[in-house]
Amino acid sequence: TGFLYDILCYFFYFSALVFYLRIRQAGRLLRWYELAAFCSIYVLALDSKELAVSLPVVIAAWELLFHPPRLRWRSVVRWQYRELLPVWITGLMTAAFVRGRVLAKGGMSEIGGYTLSVSPAEYLKNTGRILDELLYLHGFFDATKMLVFLLLLAAVAIIARSRKLGVCWLLYAVGLLPIA
(Lines give C-alpha, C1' and ligand atoms only; values in the text may rest on other atoms or scores of the structure.)
Protein backbone atom coordinates (compact mmCIF):
# COMPACT_ATOMS: atom_id res chain seq x y z
CA THR A 1 0.00 0.00 0.00
CA GLY A 2 2.96 2.34 0.44
CA PHE A 3 3.45 2.62 -3.30
CA LEU A 4 -0.16 3.56 -3.99
CA TYR A 5 0.67 7.26 -3.68
CA ASP A 6 3.60 6.90 -6.09
CA ILE A 7 1.30 5.22 -8.61
CA LEU A 8 -1.37 7.89 -8.21
CA CYS A 9 1.21 10.65 -8.56
CA TYR A 10 2.67 9.02 -11.68
CA PHE A 11 -0.80 8.62 -13.19
CA PHE A 12 -1.88 12.21 -12.58
CA TYR A 13 1.55 13.69 -13.42
CA PHE A 14 1.70 12.02 -16.81
CA SER A 15 -2.02 12.57 -17.42
CA ALA A 16 -1.44 16.29 -17.00
CA LEU A 17 1.72 16.16 -19.13
CA VAL A 18 0.07 14.22 -21.97
CA PHE A 19 -3.03 16.44 -21.80
CA TYR A 20 -0.83 19.53 -22.12
CA LEU A 21 1.41 18.14 -24.86
CA ARG A 22 -1.48 16.97 -27.03
CA ILE A 23 -2.94 20.46 -27.06
CA ARG A 24 0.41 22.09 -27.75
CA GLN A 25 1.27 19.57 -30.48
CA ALA A 26 -2.01 20.51 -32.15
CA GLY A 27 -0.40 23.94 -32.55
CA ARG A 28 -2.52 25.92 -30.14
CA LEU A 29 -2.47 27.31 -26.64
CA LEU A 30 -4.64 26.01 -23.83
CA ARG A 31 -8.08 27.56 -23.60
CA TRP A 32 -9.20 28.77 -20.18
CA TYR A 33 -11.20 25.61 -19.41
CA GLU A 34 -8.33 23.39 -20.61
CA LEU A 35 -5.96 25.35 -18.39
CA ALA A 36 -8.36 24.80 -15.48
CA ALA A 37 -8.48 21.05 -16.24
CA PHE A 38 -4.68 20.90 -16.54
CA CYS A 39 -4.26 22.67 -13.18
CA SER A 40 -6.86 20.39 -11.58
CA ILE A 41 -5.02 17.28 -12.71
CA TYR A 42 -1.81 18.82 -11.40
CA VAL A 43 -3.45 19.41 -8.00
CA LEU A 44 -4.37 15.71 -7.92
CA ALA A 45 -0.76 14.81 -8.69
CA LEU A 46 0.54 17.14 -5.96
CA ASP A 47 -1.99 15.81 -3.48
CA SER A 48 -0.85 12.26 -4.25
CA LYS A 49 2.85 12.85 -3.64
CA GLU A 50 5.44 15.61 -3.58
CA LEU A 51 7.20 14.18 -6.64
CA ALA A 52 4.84 16.15 -8.87
CA VAL A 53 6.57 19.47 -8.12
CA SER A 54 8.81 19.06 -11.17
CA LEU A 55 5.96 19.34 -13.72
CA PRO A 56 6.22 23.14 -14.24
CA VAL A 57 9.94 22.79 -15.02
CA VAL A 58 9.27 20.00 -17.52
CA ILE A 59 6.55 22.08 -19.23
CA ALA A 60 8.89 25.09 -19.36
CA ALA A 61 11.61 22.92 -20.91
CA TRP A 62 9.15 21.61 -23.48
CA GLU A 63 8.15 25.13 -24.44
CA LEU A 64 11.76 26.27 -24.63
CA LEU A 65 12.80 23.32 -26.79
CA PHE A 66 9.76 23.08 -29.08
CA HIS A 67 8.31 26.60 -29.11
CA PRO A 68 11.19 28.98 -28.34
CA PRO A 69 10.63 32.70 -28.68
CA ARG A 70 12.38 34.79 -31.26
CA LEU A 71 15.29 36.57 -29.71
CA ARG A 72 13.65 39.97 -29.60
CA TRP A 73 12.63 41.61 -26.35
CA ARG A 74 8.98 41.99 -27.35
CA SER A 75 8.79 38.38 -28.58
CA VAL A 76 10.31 37.02 -25.39
CA VAL A 77 7.91 39.02 -23.20
CA ARG A 78 4.93 37.94 -25.29
CA TRP A 79 6.11 34.32 -25.18
CA GLN A 80 6.35 34.44 -21.39
CA TYR A 81 2.76 35.60 -21.06
CA ARG A 82 1.22 33.41 -23.74
CA GLU A 83 3.13 30.14 -23.97
CA LEU A 84 4.38 30.10 -20.40
CA LEU A 85 1.09 31.00 -18.70
CA PRO A 86 0.51 27.37 -17.60
CA VAL A 87 4.08 27.28 -16.28
CA TRP A 88 3.59 30.46 -14.24
CA ILE A 89 0.27 29.23 -12.81
CA THR A 90 1.53 25.76 -11.90
CA GLY A 91 4.76 27.32 -10.61
CA LEU A 92 2.76 29.47 -8.19
CA MET A 93 0.75 26.40 -7.19
CA THR A 94 4.00 24.54 -6.57
CA ALA A 95 5.44 27.38 -4.48
CA ALA A 96 2.28 27.45 -2.33
CA PHE A 97 2.38 23.66 -2.00
CA VAL A 98 6.04 23.58 -0.96
CA ARG A 99 5.53 26.39 1.51
CA GLY A 100 2.44 24.81 3.03
CA ARG A 101 3.31 21.14 3.03
CA VAL A 102 7.08 21.00 3.17
CA LEU A 103 8.48 24.18 4.76
CA ALA A 104 5.65 25.11 7.15
CA LYS A 105 5.97 24.56 10.87
CA GLY A 106 5.22 20.90 11.42
CA GLY A 107 5.72 20.23 7.70
CA MET A 108 7.61 17.43 6.03
CA SER A 109 11.00 19.13 6.29
CA GLU A 110 10.87 18.68 10.06
CA ILE A 111 10.47 14.91 9.80
CA GLY A 112 13.78 13.06 10.19
CA GLY A 113 13.95 11.25 6.85
CA TYR A 114 12.61 14.25 4.94
CA THR A 115 15.07 16.88 6.11
CA LEU A 116 15.65 19.23 3.21
CA SER A 117 19.24 19.25 1.97
CA VAL A 118 19.75 21.14 -1.28
CA SER A 119 23.11 20.95 -3.03
CA PRO A 120 24.49 19.60 -6.31
CA ALA A 121 26.57 17.03 -4.40
CA GLU A 122 23.50 15.76 -2.52
CA TYR A 123 21.54 15.58 -5.79
CA LEU A 124 24.27 13.58 -7.55
CA LYS A 125 24.77 11.25 -4.56
CA ASN A 126 21.07 10.45 -4.24
CA THR A 127 20.48 10.21 -7.98
CA GLY A 128 23.36 7.74 -8.15
CA ARG A 129 21.84 5.72 -5.33
CA ILE A 130 18.50 5.60 -7.18
CA LEU A 131 20.21 4.47 -10.39
CA ASP A 132 22.16 1.84 -8.43
CA GLU A 133 18.87 0.45 -7.12
CA LEU A 134 17.32 0.49 -10.57
CA LEU A 135 20.23 -1.41 -12.11
CA TYR A 136 20.77 -3.73 -9.11
CA LEU A 137 24.21 -2.32 -8.45
CA HIS A 138 25.73 -1.61 -5.06
CA GLY A 139 27.53 1.71 -4.67
CA PHE A 140 28.65 1.96 -8.30
CA PHE A 141 27.31 5.43 -9.11
CA ASP A 142 29.06 7.90 -6.85
CA ALA A 143 28.66 11.65 -7.45
CA THR A 144 31.39 11.79 -10.11
CA LYS A 145 30.08 8.82 -12.10
CA MET A 146 26.56 10.18 -11.87
CA LEU A 147 27.67 13.56 -13.20
CA VAL A 148 29.46 11.85 -16.09
CA PHE A 149 26.37 9.73 -16.76
CA LEU A 150 24.08 12.79 -16.84
CA LEU A 151 26.52 14.66 -19.10
CA LEU A 152 26.74 11.66 -21.45
CA LEU A 153 22.95 11.47 -21.69
CA ALA A 154 22.81 15.20 -22.44
CA ALA A 155 25.59 14.83 -25.04
CA VAL A 156 23.67 12.04 -26.79
CA ALA A 157 20.61 14.30 -27.04
CA ILE A 158 22.71 17.19 -28.35
CA ILE A 159 24.70 15.11 -30.84
CA ALA A 160 21.52 13.45 -32.10
CA ARG A 161 19.96 16.92 -32.36
CA SER A 162 16.85 15.44 -30.85
CA ARG A 163 14.58 17.75 -28.91
CA LYS A 164 12.62 14.69 -27.77
CA LEU A 165 15.75 13.19 -26.22
CA GLY A 166 16.41 16.59 -24.65
CA VAL A 167 12.98 16.55 -23.02
CA CYS A 168 13.57 12.95 -21.88
CA TRP A 169 16.88 13.99 -20.34
CA LEU A 170 15.24 16.93 -18.58
CA LEU A 171 12.37 14.74 -17.39
CA TYR A 172 14.90 12.34 -15.91
CA ALA A 173 17.22 14.95 -14.40
CA VAL A 174 14.52 17.30 -13.12
CA GLY A 175 11.99 14.58 -12.27
CA LEU A 176 14.39 13.16 -9.68
CA LEU A 177 14.98 16.52 -7.98
CA PRO A 178 12.18 16.10 -5.39
CA ILE A 179 13.56 12.71 -4.37
CA ALA A 180 17.25 13.49 -4.63
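**Helix packing and nonpolar cores**

Biologist: How are H3 and H8 oriented to each other?

Modeller: This is a predicted model. The axes of H3 and helix H8 (residues 163-175) cross at roughly 160° and come within 10 Å. Angles over 145 degrees count as roughly antiparallel. H3 and H8 are therefore roughly antiparallel to each other.

Biologist: Is the crossing of H3 with H8 left-handed or right-handed, and how many nonpolar residues does the contact have?

Modeller: The crossing of H3 past H8 is right-handed. On the H3 side the contact includes Val57, Val58, Ala61, Trp62, Leu65 and Phe66, and the H8 residues they meet include Arg163, Lys164, Leu170 and Leu171. By class, this contact of H3 with H8 has two charged residues, one polar and, as nonpolar, ten.

Biologist: Which residues of H5 does H3 meet?

Modeller: Helix H3 (residues 55-66) packs on helix H5 (residues 85-103) at an angle of about 160°, with the axes 9 Å apart. H3 and H5 are therefore roughly antiparallel to each other, and H3 passes H5 in a left-handed crossing. From H3, Pro56, Ile59 and Ala60 meet these residues in H5: Val87, Thr90, Gly91 and Thr94.

Biologist: How many charged residues are in the contact of H3 with H5?

Modeller: The residues of the contact of H3 with H5 include four nonpolar and three polar.

Biologist: What does Leucine 55 touch, not counting residues up to four places away in sequence?

Modeller: Leu55 is among the residues with the most contacts inside the largest nonpolar core. With residues up to four places away in sequence not counted, Leucine 55 touches Tyr13, Ala16, Leu17, Phe38 and Tyr42.

Biologist: How are H6 and H7 oriented to each other?

Modeller: Helix H6 (residues 120-134) and helix H7 (residues 143-159) have axes 8 Å apart and pack at an angle of about 80°. In their contact, H6 residues including Tyr123, Leu124 and Leu131 meet H7 residues including Met146, Phe149 and Leu150. Angles of 65 to 115 degrees count as roughly perpendicular. H6 and H7 are therefore roughly perpendicular to each other.

Key:
Residues are numbered from 1 along each chain as its sequence is written. This is a predicted model: local features need pLDDT of at least 70, side-chain atom pairs count only at pLDDT 80 or more; totals for chains, interfaces and linings use all residues. Side-chain values use heavy atoms; hydrogens and water are left out. Axes are lines fitted to C-alpha atoms, for helices over the stretch in contact, and angles run from 0 to 180 degrees between N-to-C directions. Helices (H or I, at least four residues) and strands (E, at least two) are DSSP runs, numbered from the N terminus. Angles under 35 degrees count as roughly parallel, over 145 as roughly antiparallel, 65 to 115 as roughly perpendicular and the rest as oblique. A crossing is left-handed if the near helix is turned anticlockwise from the far one by less than a right angle, and right-handed if clockwise. Contact means heavy atoms within 4.5 Å. Ala, Val, Leu, Ile, Met, Phe, Trp, Tyr, Cys and Pro count as nonpolar, Asp, Glu, Lys and Arg as charged, and the others, Gly among them, as polar. A nonpolar core is a set of buried Ala, Val, Leu, Ile, Met, Phe, Trp, Tyr and Cys residues joined through side-chain atoms within 4.5 Å. Buried means under 20% relative accessible area, exposed over 50%, partly exposed in between (1.4 Å probe, protein chains only).
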